[in-house]
Amino acid sequence: MDYILSIDQGTTSSRAVVFDRAGQPVAMAQREFAQHFPKPGWVEHDANEIWHTQLAVMQEALAKGGITASQLRAIGLTNQRETTVLWDRQTGEPVAPAIVWQDRRTVAHCEALRAAGRADLVARKTGLVLDAYFSGTKLAWLLDHVPGARARAERGELAFGTVDSWLVWKLTGGRVHATEPSNASRTMLFNLKTGNWDPQLLSLLNIPASVLPRIIPSCGVLAETDAALLGQSVPIAGWAGDQQAALFGQACFAPGMAKNTYGTGCFMLMNTGDQPVVSRHRLLSTAAWQGPEGSERARAYALEGSVFMAGATVQWLRDGLQIIQSAPEIEALAASVPDTGDVFLVPAFAGLGAPDWDGQARGTLLGMTRGTSRAHIARAALEAIALQTADVFHAMSADSGLPLQELRVDGGACRNNLLMQIQADVLGVPVVRSQVTETTALGAAYLAGLATGYWSGAAEISAQWQEERRFEPQWTATQRQDRQARWRQAVDRSRNWAT
Ligand code: ADP
C-alpha cells in the first residue's frame, strides 16, 4: 500500500493527514501553537514553532497509521496564506516573528498608498483590494523595522516567504526557496497576468528582488524532502494556499463551480477558468493553481469573497451573550422558532468584508419587539451567515457571468443542518455537503497525487467526491427577494458607525 501525506499548516494549528487511494483519511495528527498579540491589532507567530509543530505532526501521523516514508508516494502542502516570514539564508533563522495575515500594523501604509492613488494599479495588476491583509506591506515593514534588514536584504542575505516557502525551505534542508501562484497571488507583489513578480509593484513597496522566492507550478515534482526528516526523502508534488486547496479538494475543476468554507469566517471561491476575472463587485481575483497544460490542474484562476464573521458570530452568542453553551446548541435553539420575527443581526464586529468592505461598520441588532427571545436572535445569527454568503454569491455570479447551479460546502459550521437549509433557501440553489470534511488537506493531496500518477486525472477524483447531504431550496422567489432586500436595509444601518 502507498499513500499521500498532506501537510496542512493553519492559523492556529499544524496538521498532517495521510490519505489512501480512495481519497479517505487514514491517519491524522494535529498540534496547536502559540498566537502572539504584542500590541493592539498585531498578530505574530514564531516561524520556528510553526516548523517544529509541523514536522512533529508529520512524524506522528505516520506513526499512528503505522506508515513509513517508503510507503509515501508524495507530499502535498497547504497553508495559511499571506503570513509573512523573513529569514537568514545562511543560518535558516527567522530575523523577526512572522507577521500573521490578521495583523493590522500596516494599515497606515496602505492608506498612504491609497491616498497617493495607487489602489487602481494594485487592483489591476494583482486582482486584490489594497489592504494590510496581504503580504507586501508586511514585508516592507520588516525590511524597515528590523535593524539592518534592508541592507542585508540588498546584499542577498535574507529570504522572504509566505508559510509555504518557509516550510519548503525547512523540508528541503534549505535547498529550495520557492513559492507557487496561489500563495504568490496573495502577496500584492505578483502580477496575475504574467504569472511573475511585478517590477513596478516591487518598486512601489520598495522590495529588493533578491529576497523573493522563485515561482514554480502548484502541481509537479517540485522538491524532495531532506532524508533525515522522515527516514528517507519524499517528493513534494502539490502545493496551494488553504482556500485554493479546498476548492481543488471539492473537485471544483470546471469554470463556474464554487465552494464555501464555513469556519471562523466564510471563504467562497469560484473557479473562473484560465483567465483572471476583473471584479466589478469588490471581490478578489486570485490564482487557484497551476500545473501541466491540458490537464484539469492547468493554470486556473478564482474569484474569492471573504466574510469575516461566520462561525465567529456563533462564538459571540456563546461567549459574549452567553445564550448558548456550545456552538452546536445554536441549531436546536434557532429551530425552536419558525422565523426570526423580522429580527436582523448584522455581525459587523470587525467591520464588513466582501462585498461591502466597510471597516467602520459595527455589529447591529435590529427589529426587536417585546416578543423577541434569544431563539429569534439565534435564528437571526444563522440567517446572517447565510445572507452574507448570499451577498458574495450574487457578486460572484455577476462578476463571472457564470450563474451558480449549486454550492459545495465544508468547514466546522457546515455541520449545522438548519444553517445549510437556510443557506439553500436564501440562495435558491442546492447546497451540497461533501462526505470528506478535510477538503483543504485533501486538495493538497490530490495535487500531489495527480503529479505523481497516484491518481489518473480529474475524472477519477471527481468520481471520488461524494455528497453526504443535499439541501434543496424551499422558499419562493418572492420570499427570497424580500428577505434579501430587508437584509440590505439592515446592512445599511450598520455602516459607518465607528469613527
Ligand atoms: P477554523 O478553521 O476557522 O478554526 P472550523 O472549520 O474549525 O474553523 O469551524 C469552527 C467554527 O464553526 C467556530 O467558529 C464555531 O463557532 C463554528 N461552529 C462549529 N460547530 C457549529 C454548529 N454546529 N453550528 C454553527 N456553528 C458552528
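Modeller: Ile4, Arg21 and Leu192 supply 21% of the area that domain 1 buries against domain 2, more than any other three residues. The model is a predicted one.

Biologist: What are the bounds of domain 1 and domain 2?

Modeller: The domain assignment of the chain gives 3-216 for domain 1 and 251-499 for domain 2. Their centres, taken over C-alpha atoms, are separated by 25 Å. To the contact, domain 1 contributes 33 residues and domain 2 contributes 30 residues.

Biologist: What makes the pair arginine 186 and glutamate 304 a salt bridge?

Modeller: The closest N and O atoms of arginine 186 and glutamate 304 are 3.1 Å apart. The cut-off is 4 Å between a side-chain nitrogen of Lys or Arg and a carboxyl oxygen of Asp or Glu, so the pair qualifies as a salt bridge. Between domain 1 and domain 2 the count is three salt bridges. The count of residue pairs in polar contact between the two domains is 13, with both residues at pLDDT 80 or more.

Biologist: Which elements give two or more residues to the side of domain 1 that touches domain 2?

Modeller: They are strand 1 (3-9), strand 2 (13-19), strand 5 (72-79) and helix 7 (181-184). Strand 5 gives the most, with six residues. By class, the residues of this side divide into 15 nonpolar, ten polar and eight charged.

**Arginine 186 and its loop**

Biologist: Why is the pair of arginine 186 and glutamate 82 said to tie together parts that are apart in sequence?

Modeller: Arginine 186 also forms a salt bridge with glutamate 82, with the closest N and O atoms 2.8 Å apart. Arginine 186 lies in the loop between helix 7 and strand 10 (190-191), and glutamate 82 in the loop between strand 5 and strand 6 (84-88), so the pair ties together parts that are 104 residues apart in sequence. A search of the whole structure finds 30 salt bridges.

Biologist: What makes methionine 188 worth noting?

Modeller: Methionine 188 has a positive phi of about 70 degrees, although it is not a glycine. Most residues other than glycine have a negative phi. Methionine 188 is placed in the loop between helix 7 and strand 10.

Biologist: Which peptide bond is cis, and what is its omega?

Modeller: The bond joining alanine 354 and proline 355 is cis, with omega about -5 degrees. Proline 355 lies in the loop between strand 19 (344-346) and strand 20 (364-366).

Note on methods:
Residues are numbered from 1 along each chain as its sequence is written. Side-chain values use heavy atoms; hydrogens and water are left out. Domain bounds come from an automatic or database domain assignment. Contact means heavy atoms within 4.5 Å. Buried area is the accessible area (1.4 Å probe) that two parts lose on being put together, summed over both. A polar contact is a pair of N or O atoms within 3.5 Å; within protein, one must be able to donate a hydrogen and the other to accept it, and residues adjacent in sequence count only if both atoms are side-chain atoms. Helices (H or I, at least four residues) and strands (E, at least two) are DSSP runs, numbered from the N terminus. Ala, Val, Leu, Ile, Met, Phe, Trp, Tyr, Cys and Pro count as nonpolar, Asp, Glu, Lys and Arg as charged, and the others, Gly among them, as polar.
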